[in-house]
Amino acid sequence: MTYKISVIVPAYNEEKYLSTALDSLVNQSFHDFEVIIINDGSTDNTQAIIDKYTKKYPNFRGIYQDNSGVSSSRNKGIEEAKGDYLAFLDGDDTYVHEALENLYNSAKKHDADLVLGRMKIINIFESVVYVGPVKLSKMIDIDPLDKELIWTGSMCNKLFSRQKILETGLRVPNIKYDEDGTFVLSFALKCQKIVGCPHNIVIYHKRPFWKGYSVTQAINVEYINHHLEAYSAIEAMVKQAFKEKRDKIEDYKKEELSKKYSSYYDELCHRRIAILCNEFYRYFWKADSKSIKLINSSLNDVKLKISSKAWAKDVEKFKDLRIDNLIKSRTEMADSPIISIVINIPKITTDKLNFQLGSIYSQEFPAFEIIISSKLYNQVSDDFKNKENLKVLDEKSDDSLNLNHLSDEKYYGKTNFKNRAFLISKGEYILFIEDNVFFEPRALRQMYNSLQDPELDFVSLKMHRIKGDKLKEYPHQELAYSYRNTIENSIKSRFNYLDLYFSNKLIKAEYIKQESFKFTGDNAHDVAALYENSEFQKITDKYIFSHESEKTLLKSLKSKNKDVSAKINATLPYQKLIYYLVKFRRIFQATMKPLKNKFLNYFEKGYIKLLKKAPLRNRVFFCSVRADDKLLENISAVYESLSHSKIFISKMNPHSRKTRLKILYYLLTSKVIVTDDYLHYLRLVNLRKEQKIIQLWHACGAFKKFSLDCASANYEIETETHSQYSDVIVSSDNVRKYYSSAFGLDINKIKSLGVPRTDMFFNKTTEDMTQDLYQKYAALKNKKIILYAPTFREDDAGRRIPFETQINWEKLSDSLKKDEIFIIKKHPAMKEDLLEGENCKNILDLSSVSIYSLMFASNIMISDYSSVIFEYSLLNKPILFYCPDIEEYERDFYLKYPEDLPGEITYDSNELIENIRKSLINTNIEYLDNFKKQQMDACDGNSTERVVELIKKYLS
């Protein structure tokens, strides 16, 4: 019997979770599939569960094999499968209800060899969707060499063509690490068509992290070697894929392909570094000496292969691991800790102490030392006693310590364990553990990262209670962390007196030294002093836990200091009452919010239906989301020039309910609508045929790809947003095809009427704005102005990231003559200081000044990937391009980059300085003519008038 899909489920000792996984298959909305369960030599009740399902469901098959590993199990499933497509599900994960249906529909609709959906991770704390698969899942044509595929190696959120697997003969490699990623990339490189499926597919169930604590070695040479074997295989496949592509293309495209290969190879190296760091090096204390040596040599190897710019990014990313100066031995790591952890718990059982130590040695932050009291050391397991970074300190006086310089015996007596531990500590930060707590693996890393803020003296983690496998709240902690998480001393919360513990606080050692902070032996008093006199941040995420009861923890909130004791006692009596009031409020809000939203959405739908029956007004509605309470540039020019009935609403997202209703009213009752950006309300309504929508897109020319032409575009959402446009106004006939493609519209709807805001380039406005600039900044008058106007940068997930110019500002400043000045005008989205604190008298950051004023006054302009070049070309002045990060820049372009640029491009600071000098001397701009003709030929000073006439025609 044949099936549309074969689902392969490898299972080894999965008796706790297998039934849940198989139930998720039984309950699929799609039914034409078989399930092949491979029992890989399980020694528990896994086989009994398999037998139960295979007897009950005829499409379930069970196969037993001696223990051979997950790769062997999957390959066995591939050989046994009868389906047109193959899916893979691990025995401890689950599919969502419509997973197979959505995957299959995407595969058939696009005749795809590989379909990629989304993944969700669930644990007792949170539910998180993986970012990489989300980006790919929105795409309907994924390049096999898309760099995002490098990071989405799981087999479980994908559907594979069985025919393609049979044709290629591919199998899952018989290795114990990274077998998924190797198979997926191997398969992807053989595919003709890869598509995304914009739905959640698989749920990865992450078990409570404390169940993974172990004192045994977790990292060994075999796993690292298997990773290196997988990487070598991937590297060879990618090299071959690019070679085959290079052999098929014209010579003039080969240089561009070489750049793409270099960028892709850097991404492979990023992944290799991430795995070596995150999966191996971070667990330094669980690795043997051979493993540590192999990790070091592997990281040094990839350092030689990756580009210097890409390596610098990883050095910054893994700053806490100091990968540019790797520590090579356990002794060296013990001698150079970043964090010192001091453990001196009054009463704790041996099991709990070793469980706590297990949580510390499982941290993703290896640069720590532990200083433990001699009394507790007797309870420490031999597995921890052998750790080089575990140091023992007697609770009583130790003559080996130099305490003579401590003047105040009251506070710094030789019996004060904290002071004595601090004296021998080597870390930049210190954590005192005096309670029965344990840590999530990211705890030290999170605290360290937070303390990179120079304003902070310490960070404090909110403690959570674990009862069985359930997460509970500590009411007093909930209050302490719900109010005024601030570093401002003047508004600190009284509820800080409910968090007078050291065990959840990482403190800068420098602060203790500079402030001569006194550990008195009275913990509550000392922590209260910390809260009162230092700057801090409270972290509410779930990183530190205890099994202790609320009552037990509160017992430690005692102080001999009368003032502190009084403040604690003043807070304790009503802390539970306030906590329950807060909790009731949250529950009430959580309950009412969906009901409220449901009502409002129902009301909005009725409101829309009612408005669609209302008469149309012969009115123009200008709607923008680009600024608050004012129209900008194109849309402003048209609004000011139109004398007919008109109204505008300009509000940046998100909108209040009142604004939504107001926009919907004018949208549904105005004959003409004019906008200049994405107007998401168009996805909510179908306008009447007699209504017209004019898109005055805020950019001009065709530079960076956008909307539907972006690889990460959500086709359905983009189409719904743009499909109702009557007209899209563009800057030239040549760019009409690009806007037609980006918006998914018939090219006849794209009209080259010109860009209204460019009209100012053809009248006296330029002179007026230049004079206004000189009046405000007199130092600019009679100077040759070099204008630098870069745009913002984003990471792979679309988040804004700082841009490092790599300009030698001092050298640039020295190169300028007395009558020359260099002005920086950042894109409004850029918040970073491009000068990086340097102060050069002839270099100014005037980002607050209008770009047009600076354009008109300047002699030359330097940009990178910004569309300001189109308007600047109208001024017939030289343009330079400075792109030091061209290899990493992710956006695709409509024009050939850099061949079609209207000026010279450089990637180096020294070359930029030379080109500036050349352009100031030789202002030949003949090459601009063709560029303007291609990109801006409809911009002649009459663009606004033409758009206004179009609107009048629709109103008549």
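Is Gln-65 buried or exposed? With a relative accessible area of 13%, Gln-65 is buried (buried means under 20% relative accessible area, exposed over 50%, partly exposed in between; 1.4 Å probe, protein chains only). The model is predicted: local features need pLDDT of at least 70, side-chain atom pairs count only at pLDDT 80 or more, and totals for chains, interfaces and linings use all residues. Residues are numbered from 1 along each chain as its sequence is written, and side-chain values use heavy atoms, with hydrogens and water left out.

Gln-65 belongs to strand 3 (residues 60-65). Helices (H or I, at least four residues) and strands (E, at least two) are DSSP runs, numbered from the N terminus. The side chain of Gln-65 makes a polar contact with that of Ser-72 at 3.4 Å. A polar contact of 3.3 Å joins the Gln-65 and Ser-73 side chains. Such a contact is a pair of N or O atoms within 3.5 Å; within protein, one must be able to donate a hydrogen and the other to accept it, and residues adjacent in sequence count only if both atoms are side-chain atoms.

An open sheet is formed by 6 strands in the order 29-28-25-30-31-32, with parallel pairing. Strand 29 (843-845) and strand 32 (905-906) stand at the edges; each has a single partner strand, so one side of each is left without a neighbour in the sheet. Two strands pair if DSSP finds at least two bridges between them. Strand 25 (residues 784-788) and strand 30 (residues 860-863) pair in the parallel sense over 3 bridges. Tyr-788 has Ile-862 of strand 30 as its bridge partner.

Helix 17 (residues 443-450) has the buried residues Ala-443, Leu-444, Met-447, Tyr-448 and Ser-450. Seen down the helix 17 axis, these fall within an arc of 165°, so they line one face of the helix. The arc is that of the directions from the helix axis to the C-beta atoms.

The structure holds 44 salt bridges (a side-chain nitrogen of Lys or Arg within 4 Å of a carboxyl oxygen of Asp or Glu). Glu-604 and Arg-660 meet in one, at 2.7 Å from N to O. Glu-604 lies in helix 22 (residues 562-612) and Arg-660 in helix 24 (residues 657-669), so the pair ties together parts that are 56 residues apart in sequence. Both Glu-604 and Arg-660 are buried.

Arg-626 forms a salt bridge with Asp-676, the closest N and O atoms being 3.9 Å apart. Arg-626 is partly exposed at 25% relative accessible area, whereas Asp-676 is buried at 1%. Asp-727 and Lys-751 also form a salt bridge, with the closest N and O atoms 2.3 Å apart. This pair links strand 23 (residues 727-729) to strand 24 (residues 750-751), 24 residues apart. Asp-727 is buried at 0% relative accessible area; Lys-751 is partly exposed at 26%. Shared partners join Arg-626, Glu-633, Asp-676, Asp-677, Arg-757 and Glu-871 into one salt-bridge network.

Aromatic pairs number 53. Rings of Phe, Tyr and Trp (its six-membered ring) pair if their centres lie within 6.5 Å; planes under 30 degrees apart count as stacked, over 60 as edge-to-face and the rest as tilted. Tyr-678, Trp-697, Phe-706, Tyr-725, Tyr-738, Tyr-739, Phe-743 and Tyr-894 are linked by ring pairs into a cluster.

Charges also sit over rings. Lys-387 lies over the face of Tyr-361, 5.4 Å from the ring centre. The charged end of Lys-646 sits over the Tyr-639 ring, 4.3 Å from its centre. The criterion is NZ of Lys or CZ of Arg within 6 Å of the ring centre and within 35 degrees of the ring normal.
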